[in-house]
Amino acid sequence: MTPVGALEVVGLTKMYGDLRAVSNLSFEVAPGEIVGLVGPNGAGKTTSLRSLAGIIPPTRGEIRICGHDLVAHPVAAKRELAFLPDEPRLFEYLTVREHLNFTARLYNVADWEPRADALLAELELTDKQDKLPSELSRGMKQKLSIACGFLHSPRLVLLDEPLTGLDPLGIRKMKRSIAQRAEDGAAVLLSSHLLSLVEELCHRVLVIAGGERVAFGSMEEIRAQVGAAGAGTSLEDLFVQITSVNGGRGA
Amino acid sequence: MGLWAAAPFLITTTLKNRVLAQARRLKNPKYLVATAAGLFYVWTFFLRRLLMPGKREGAPFPQEALLAIEGLMVVGALGIIISGWVLGSNRAALRYTEPEIQFLFAGPVSRRQVLHFKLLRMLLPTLVSSVITTVFFGRALAGNPLFFGVGSFLGIGAIGLHLTGASMTRESLAQHGRYGLRHRVVTLAVIGAVLGGLAWWALQSRPELPQGLQPKAWAAYARALYESGPLRILLWPLRAPMEVALAQDLSGFLQALPGGLLVLVANYLWVISSDHAFEEASVQYSESWARKVEAARGGKQRPVISAKPFGLKLRGTGRPETALVWKNLAAVRRLLRLGLVPALLGMTGATAVLTLSLLRGETPDWMLAAAALAAGLGALVALVGPTSMAVDFRRDLQNLDVLKSLPLTGRQVVLGELAGPFLVVVLAQWLLFAAALLLALGPGVALPLSTRLIVTASAMLLGPGISAAVLVLINAGVLLFPAWVSNEPRRGIEAMGQRMLTLAGGLVVLLVGILPATLVGGGVFLLLGWLGLGLGALLPAALFASAVLFLEVTVSVVGMGRLFERLDITE
């Protein structure tokens, strides 16, 4: 029996009128794997992530999350994932702890309180748990969003620029946290312009431009695909090479 | 020099781009219809009036009437100015947009130029206001609408500049520790002294006060005071622009114009010459304005939220849509300035105690009046409560993407979002109806007890149905036309048309939706009445009507759930 991938995407296409934001995108993420999603501005990264999170309906294509078809069985699929957008979206009238309580009920987390305590401690939010989002800094809001995302131990984590607004210590903790989730078996798709972060954390990298996949694989595989000289070529160099060679269009 | 070249470019380009962006949106039929409705409104209420023949027909306006109108306008302007000085905030009220702050405050531009730019920009909306007042009043009051337009511009502009100058002065004094409550009292004392001096002068110069309530005699007395002595001099800065606006011929206009211009220019120079640093206050003001705009994008203009204890804890397991209900109840708890539900509960409890203590004697009239008031309020809450209780999709408009990502079906999300405000509105109306019944429970009431009980029970049955229908209607509008329902401050003809269509469409749908319930309820009432049940038929009629409304609501919730699942928030 073929093992079920945490995320399988086949021919994902998203159109806005005549504009093709994402075109025929296919890839997969295995449990325990961290895949980096990179591309120039306007490449379709956020649109792809929002489609994968079930926020915007794809025009065409198939998305399977832990074996559940996102279009046919959205509730079962969404139960398995956490989507953390670049701009934390919080309810202005719920406190930090109430956000976790709210999330727990949505995802049916019986033992939410010890989990919430652990997450609040890990993200240094324990003393802020009775505060409203308007009383939090940008970085703290981001941490709260992360805590809500991790509360139900999702099997797939979609991260859009997860380090925005975090201080250096927060960045280090966040990197450790993402790696730990992957070690525990969660699949992670991480979109970021911080290529050093992607290179450091990700097992494979998906490069998109103009809404199309232009490279996908481990660093070695991508180096081989583009014929980059030397094993030490950085992702940044590869990125520049791929996106300039392809003029923003697929290879 | 740079800003003088850049400012007209900024203003004209902003205007041009706004018009072009709106024109491009006309490709979408939704916006085309809204623009057509807006244009129809503008034509009917504004342009048609403007394009009518210029000079009014008939006899010229009587001099006494003109003077009275001028006097009223002067009193109004004086009230605005005094309240601006006494009650206004100690923060300079110059509102720069955030891009203006980024580009102008940090740019190679002198602070005086920045101030000139803002003051001149402030005069643009003044121009629009003066055109609107001219359309409505200018034709009737002035010899020529143009005179009224120029006078309105001078008057409104001078008041706006004066209030800006007042706020800057107050802030300057406050920053130097010289303007607190004590100085407000001093300001009031100065105003009081001036008024006292004027009263003394009035009694000295015209000791014969009119006797009794004779309007004509009092008007003549006021006119005599208004046109002579120190009052004439003191009020001249307010009168000068009004005289321009109310000029009856060209020569009168030309005579009054220099005075009106002088008042405007003097106020402008006063603000410009103010040595006060306005930048910090402007930055704070603009940031708070930007936050309000951002907040308004998700719902109604909202009050400040405080982390009041909610007290209701949610179990981690159970029906997941309950989480949305709980979330919205927390919002109600924190958004209401007054604890509405505790207040209503307290009121009903107090009413019960009061009624029981008074039951021994006749029910006093004031209790019956209070009962009628409570019943009326209950009906009002049933009908209007869902509109005011905007803690549903209206408030979560900016979080639609969050709601879309939740592991819930569309129907669950819709139910969860609507149940919170529904529960609060129903609880409020039931408490009010119960209070009305309790207040009218004693002896000596004209209506028999059975009638009072039947009417109250019927209202309690029908009210929730109506509230649910209104709530569904409003939220269906949000899901169908999110961009239209958004409460982000919007201007322009298209936005005006959208508001008109939303209101008219909502009313039509509500009437059509309530029609089947009315027919069923009315039919049941007539049938059972014919069978001899009398007023007792009201109760089953209300029950059936409410059942029909809830059936419609159920069908609508299912439809809205599908709509929510298909909703593409990026479109």
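In this predicted model, the axes of helix α13 (residues 322-335) of chain B and helix α17 (residues 410-439) of chain B come within 7 Å and cross at roughly 40°. Axes are lines fitted to C-alpha atoms, for helices over the stretch in contact, and angles run from 0 to 180 degrees between N-to-C directions. Helices (H or I, at least four residues) and strands (E, at least two) are DSSP runs, numbered from the N terminus. The crossing of α13(B) and α17(B) is right-handed; a crossing is right-handed if the near helix is turned clockwise from the far one by less than a right angle, and left-handed if anticlockwise. On the α13(B) side the contact uses B:Leu324, B:Val325, B:Asn328, B:Leu329 and B:Val332, and α17(B) brings residues including B:Gly416, B:Ala419, B:Gly420 and B:Val424. Two residues are in contact if their C-beta atoms, placed from the backbone, lie within 7 Å. By class this contact has 8 nonpolar, 3 polar and 1 charged residues (nonpolar: Ala, Val, Leu, Ile, Met, Phe, Trp, Tyr, Cys and Pro; charged: Asp, Glu, Lys and Arg; polar: the others, Gly among them).

Residues are numbered from 1 along each chain as its sequence is written, and chains are lettered from A, with ligands numbered from 1, in the order in which they are written. Local features need pLDDT of at least 70 and side-chain atom pairs count only at pLDDT 80 or more, while totals for chains, interfaces and linings use all residues.

Chain B as a whole has 21 helices and 0 strands. Of its 571 residues, 31% count as buried, that is, with 20 or more other C-beta atoms within 10 Å of their own; 12 or fewer makes a residue exposed, and values in between partly exposed, with C-beta atoms placed from the backbone. Among contacts in chain B with a separation of 6 or more, 83% join residues 24 or more positions apart.

The largest nonpolar core has 156 residues; such a core is a set of buried Ala, Val, Leu, Ile, Met, Phe, Trp, Tyr and Cys residues joined through C-beta atoms within 7 Å. Its largest share, 18 residues, comes from α17(B). A:Ala147 is one of the residues with the most contacts inside this core, and beyond four places in sequence A:Ala147 touches A:Leu100, A:Leu119, A:Leu120, A:Leu123 and A:Leu125. A second, separate core of 27 residues includes B:Phe153 and B:Val244.

The contact between the chains takes 31 residues from chain A and 31 from chain B. On the chain A side, α3(A) (96-106) gives the largest share, 6 residues.

A:Asn24 is in strand β2 (residues 19-29), and A:Asn108 lies in the loop between α3 and α4 (112-122).
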